[in-house]
Amino acid sequence: MRIQNIFFICCGFMAGIQMSADAQRKKAAPETFANERLDKQMSELMASRVSPAQIISDELAIAKLDEFNELTATENLMFPADELYNSNWDTIHVNPFVNTKIDFPDSYNINCSSFSMPVDYEQIKINSKYGPRRRRMHRGIDLALQVGDTIRAAFGGKVRLKSFERRGYGYYLVLRHPNGLETVYGHLSKFLVGENQIVRSGDPIALGGNTGRSTGPHLHFETRFLGKDIDPAEIIDFENKIPHKDEYVFYNIKINGKKSNIYATSADAVVVHRVKQGETLSLIARKYGTTVAELCRLNGILQTSKLSIGQSIRYRAKQVTVETSSDAIQSRPANTEKTQTPAANASSNAGGRKIEIPIQTSSPEETADGTVYHTIQSGDTLFSLSKKYNVSIEKLCEMNDIRQNMILKIGQKIRCS
């Protein structure tokens with residue numbers, strides 16, 4: 001009986017200890033849970049205090065960048081390609097350098113990504129292409145329209161010239177653009193903008209017409225670079241209403257000591273021969289391996305036409321290396337993917353002068369701290385450098401404190417990393 005009482009007492013004691021331990025655990029559990037909740041709330045509170053500040057900082061940075069980009073874009077529209085044109089703002093001539101000798105850059109990148117069609121038609125009809133026409137040069141392309149149709153700015157820019165020419169353009173506008181191009185709009189019926197007015201790509205600038213030297217309603221549209229006319233079809237795919245490429249590269253090289261503007265994208269090079277005393281179409285055709293009929297077609301003349309001394313006769317050279325006389329001017333295709341402009345290297349032979357076009361290359365220079373510099377060669381552009389060194393054009397401009405439309409000089413050193 002005593003043993004049984006002792007057993008019950010021990011069991012009761014053990015049960016009491018167990019109950020006390022359970023009570024302590026239950027009491028500690030809410031405290032632990034409360035501590036965890038407190039830590040979580042403190043973390044959320046700290047996060048809420050840091051996050052808005054970071055968001056504000058990011059928004060300010062974005063706003064400043066947007067404001068800077070907007071100011072830069074506005075400045076470019078106010079002073080389009082000012083460095084390229086040396087502040088020449090001629091309000092009389094279509095070619096602002098008509099009485100000035102121009103030193104063209106070896107190459108120049110023209111950004112065409114913002115292009116808008118000058119006429120609003122689902123299907124574009126070209127009435128007349130760029131090239132020789134009836135003993136004169138047709139320096140633009142004629143786009144069909146109706147009198148009163150809206151004419152739009154091809155690119156953003158500023159109106160340089162608003163004028164009238166009775167025996168030529170009729171009522172016409174000349175716009176200068178930050179990308180370096182100037183566009184001409186001829187045979188208009190009404191102006192919608194004034195001189196020195198800033199326009200955006202696609203803005204209405206005039207109404208189509210049939211004024212000046214015109215046989216029917218159409219828009220005479222020209223693209224010019226430093227006054228030099230370029231075939232608009234070499235830049236713009238009028239069938240699809242878009243540029244052939246976002247970046248069009250204007251090239252300029254020396255041939256036989258003379259400068260020739262390179263803008264053709266066809267497979268054949270365009271060459272100009274100056275007629276000398278005693279030369280005939282037949283003699284010129286044999287000299288350059290072509291036919292009289294082809295010469296007549298390219299130059300808009302008849303086989304019986306009388307040639308004048310000094311007259312320009314165009315023909316097509318079938319290869320990049322051509323046989324030519326000392327007074328020939330060669331044009332090389334510009335749709336090549338090479339990043340350097342060829343330089344002419346002439347060597348004499350029995351048949352005339354042989355012109356070879358090698359590619360110039362340049363090795364990068366690396367300083368002790370790992371900075372890479374590139375020495376500009378003929379044909380180098382910011383676009384080609386960005387591809388070569390895998391760095392953005394914006395970064396190149398920032399590292400060298402230059403603008404995207406700045407002309408690069410041969411021998412100039414550009415930091416590329």
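## Close-up views of a predicted model

Figure 1. As background, strands of a sheet pair through backbone hydrogen bonds, in a parallel or an antiparallel way.

Figure 2. Strand 7 and strand 8 (residues 170-176) are antiparallel partners over seven bridges. Together, strand 7 and strand 8 make a hairpin, with four residues between them. Which residue of strand 8 is the bridge partner of Val159? The partner is Leu175. Strand 7 (residues 157-165) also runs antiparallel to strand 10 (residues 198-199), to which two bridges join it. Here Lys158 stands opposite Ile198 of strand 10.

**Figure 3. The charged end of Lys158 sits over two rings.** Stay with Lys158, the residue opposite Ile198 in the previous view, and now follow its side chain. Its charged end sits over the ring of Trp89, 5.4 Å from the ring centre. The charged end of Lys158 also sits over the ring of Phe79, and there the distance to the centre is 6.0 Å.

Figure 4. How many aromatic pairs does the structure hold? There are 10. One of them brings together Tyr185 and Phe221, whose ring centres are 5.5 Å apart and whose planes make an angle of 55 degrees, a tilted arrangement. Tyr185 belongs to strand 9 (residues 181-191) and Phe221 to strand 12 (residues 218-225), so the pair ties together parts that are 36 residues apart in sequence. Is Tyr185 buried or exposed? With a relative accessibility of 0%, Tyr185 counts as buried. Phe221 is buried too, with a relative accessible area of 0%. Elsewhere, ring pairs link Phe104, Tyr108, Phe225 and Phe250 into a cluster.

**Figure 5. Two loop residues have a positive phi.** Leu226 is not a glycine, yet its phi is positive, at about 50 degrees. Leu226 lies in the loop between strand 12 and strand 13 (228-230). Leu226 is buried, because its relative accessible area of 5% is under 20%. Lys241, also a residue other than glycine, has a positive phi near 65 degrees. You can find Lys241 in the loop between strand 14 (236-237) and strand 15 (242-243). Lys241 is partly exposed, with a relative accessible area of 28%.

**Figure 6. Stepping back shows the whole protein.** The protein has seven helices and 26 strands. Of its 417 residues, 40% are buried. Among contacts between residues at least 6 apart in sequence, 65% join residues at least 24 apart. The accessible surface comes to about 23600 Å², and carbon and sulfur atoms account for 52% of that area.

Key
Residues are numbered from 1 along each chain as its sequence is written. This is a predicted model: local features need pLDDT of at least 70, side-chain atom pairs count only at pLDDT 80 or more; totals for chains, interfaces and linings use all residues. Side-chain values use heavy atoms; hydrogens and water are left out. Buried means under 20% relative accessible area, exposed over 50%, partly exposed in between (1.4 Å probe, protein chains only). Contact means heavy atoms within 4.5 Å. Accessible areas come from the Shrake-Rupley method with a 1.4 Å probe; for residues, only the protein chains shown count as cover. Rings of Phe, Tyr and Trp (its six-membered ring) pair if their centres lie within 6.5 Å; planes under 30 degrees apart count as stacked, over 60 as edge-to-face and the rest as tilted. A charge sits over a ring if NZ of Lys or CZ of Arg is within 6 Å of the ring centre and within 35 degrees of the ring normal. Two strands pair if DSSP finds at least two bridges between them.
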